[in-house]
Amino acid sequence: MQKRHTDRKMYFHDLEEFYIGYLSAFIELTHKTRILEVGCGEGGNLAPFARLGCKVTGVDIAGCRIKEAQTYFSEISNHATFVCCDFILLHDVIEHVPTKEQFLSHLKKFLKPTGVLFVGFPAWQMPFGGHQQICHSKLCSHLPFIHLLPNPLYKLLLKACREEKGTIKELMSIKECRTSIELFETLIRKCGYLVTDQKLWFINPHYLQKFHLTPRLLPRWVWKVKYIRNFFTTSCWYVLRPDNK
């Protein structure tokens, strides 16, 4: 497992610089702003917003993660809860959800008519779109594109590298839930969302901490080439609003 996935404070540090600056252009972030994150884990994505004084709420299906979030936030803010919101943060979550259409439709019930939904996810076909970086094996965690192997070969490789059963199950689940840019854009139209803004990153902002690489957007000409763009987009950012027609 890569060091960045064990040092969580380092992992979430780059949110301060990139997410806050980016999202402030679409919604005012003040002590009156309420933010909900679905799939919050230990709450690191919410920490920068809590430091600004926003009222943050995190939801996660794993009870152990909620306990970690409560511990993590005991040093940060008293205004965090671990459900109508101004802003919903959905970062690196949608690619784990098998019933995406039902999920995105249901989220609208928690969002004000003037609210904002931010969704960030790795394009499925990009080098590490299968989240294989969570592997404990150094070989598997650093091999690009292995998630695109046929299921039997992928599982055989993971077993050969002595990955734990739980890790293999999670990786195979992500493979089953694969999320391309085209799939996501079709879903949000069906679910009644309008795209306020979109960013397709060639160099993910997280890579500043991980590889000391300067974040860089995908060139526009590649951006417009459907299907091919998935192989070069390490992170997709969407700012969505409900279509209230």
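Is lysine 199 buried, partly exposed or exposed, and what is the relative accessibility behind that label? I looked it up: lysine 199 comes out as partly exposed, because its relative accessibility is 23%. My cut-offs are under 20% relative accessible area for buried, over 50% for exposed, and partly exposed in between, with a 1.4 Å probe and protein chains only.

**Ground rules**

I'm working on a predicted model, where local features need pLDDT of at least 70, side-chain atom pairs count only at pLDDT 80 or more, and totals for chains, interfaces and linings use all residues. I number residues from 1 along each chain as its sequence is written, and side-chain values use heavy atoms, with hydrogens and water left out.

**Salt bridges**

Side chains of opposite charge can pair when their charged atoms come close. The cut-off for a salt bridge is a side-chain nitrogen of Lys or Arg within 4 Å of a carboxyl oxygen of Asp or Glu. I found 6 of them listed for the structure.

Lysine 199 has a salt bridge with aspartate 197, at 4.0 Å from N to O.

Next I went to aspartate 86. Its side chain meets that of arginine 34 at 3.5 Å, N to O, and that of lysine 112 at 3.2 Å, N to O. The lysine 112 pair links distant parts of the chain: lysine 112 sits in strand 5 (residues 111-121) and aspartate 86 in strand 4, 26 residues apart.

How exposed are the partners? Aspartate 86 counts as buried because its relative accessibility is 15%. Arginine 34 has 33%, so I noted it as partly exposed. Lysine 112 is partly exposed too, with a relative accessible area of 27%. Shared partners join Arg34, Asp86 and Lys112 into one network of salt bridges.

**Two helices**

Two packed helices are described by the angle between their axes and the distance between the axes. I checked helix 7 (residues 151-160) against helix 8 (residues 165-176): their axes come within 11 Å and cross at roughly 155°. That is why I call helix 7 roughly antiparallel to helix 8. Angles under 35 degrees count as roughly parallel, over 145 as roughly antiparallel, 65 to 115 as roughly perpendicular, and the rest as oblique. The axes are lines fitted to C-alpha atoms, for helices over the stretch in contact, and angles run from 0 to 180 degrees between N-to-C directions.

**A nonpolar patch**

Which residues make the nonpolar surface patch of about 750 Å²? I wrote down Phe145, Leu148, Phe202, Trp221, Val225, Ile228, Phe231 and Phe232. Patch members have over 30% relative accessible area and no salt bridge; like charges are joined within 9 Å, and nonpolar side chains (Val, Leu, Ile, Met, Phe, Trp, Tyr) within 5 Å. The areas come from the Shrake-Rupley method with a 1.4 Å probe, and for residues only the protein chains shown count as cover.

I looked at two members. Valine 225 lies in the loop between helix 11 (220-223) and strand 8 (235-242), and is partly exposed at 32%. Phenylalanine 145 is in the loop between helix 6 (138-142) and helix 7, and is partly exposed at 35%.

**Positive phi**

Phenylalanine 145 also has a positive phi of about 65°, although it is not a glycine. Histidine 212 has a positive phi as well, near 60°. I found histidine 212 in the loop between helix 10 (207-211) and strand 7 (216-217), and it counts as exposed at 68% relative accessibility.

Note on methods. Helix = DSSP H or I, 4+ residues; strand = E, 2+ residues; numbered from the N terminus.
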